[in-house]
Amino acid sequence: MTMKQELNSIENPQEIIIKQAQENSSQKEQIQTLLAQNKYMQERIDQLTRMLFKSKSEKFNSNQPHLFTVEDSQENIEVEEDKEIEIAFKRKKGGRTSPPKDLPRKRVEQKHKIL
């Protein structure tokens, strides 16, 4: 092929630019669609994770004071001092106990052979 034939077979540069612009715009639309789907799926995963791991009930004992309230922080709370308690028992210590003294004892020595 000669140069003239190659130039004639090539499309008009304006047509090429128009085609590329159309492809770019369709790709941008596709990217926007995929980003929206990704955002929706991430929100759904977060929602399901919260449902799975949230606390099952938030019931409190009526005797338990509510934490983190403004009213409680302003009140003066009386604290009882710890009283000393005398311990009346002793723990048994672990370890091997010796056999009773009345059992007969016999000493046996082992001889080792050196190889």
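**Entry 1: burial.** I looked up how much of the protein is buried, and found that buried residues account for 0% of its 115 residues. I note here that the model is predicted.

**Entry 2: secondary structure.** I recorded 3 helices and 0 strands in the protein. Reading from the N terminus, I wrote the order of the elements as α-α-α.

Entry 3: Is T49 buried, exposed or partly exposed? I found that T49 is partly exposed, its relative accessible area being 37%. I also looked up what the side chain of T49 reaches: the backbone oxygen of I45, at 2.7 Å.

**Entry 4: salt bridges.** How many salt bridges does a search of the whole structure find? I noted 1 salt bridge. R107 and E109 form a salt bridge, and their closest N and O atoms are 3.8 Å apart. This pair counts because the cut-off for a salt bridge is 4 Å.

**Entry 5: the two partners.** I checked the exposure of each residue in the pair. R107 has a relative accessible area of 74% and is exposed. For E109 I recorded a relative accessible area of 63%, so E109 is exposed too. Both values can be read against the cut-off, since a residue is called exposed when its relative accessible area is over 50%.

Technical notes:
Residues are numbered from 1 along each chain as its sequence is written. This is a predicted model: local features need pLDDT of at least 70, side-chain atom pairs count only at pLDDT 80 or more; totals for chains, interfaces and linings use all residues. Side-chain values use heavy atoms; hydrogens and water are left out. Helices (H or I, at least four residues) and strands (E, at least two) are DSSP runs, numbered from the N terminus. Buried means under 20% relative accessible area, exposed over 50%, partly exposed in between (1.4 Å probe, protein chains only). A salt bridge is a side-chain nitrogen of Lys or Arg within 4 Å of a carboxyl oxygen of Asp or Glu. A polar contact is a pair of N or O atoms within 3.5 Å; within protein, one must be able to donate a hydrogen and the other to accept it, and residues adjacent in sequence count only if both atoms are side-chain atoms.
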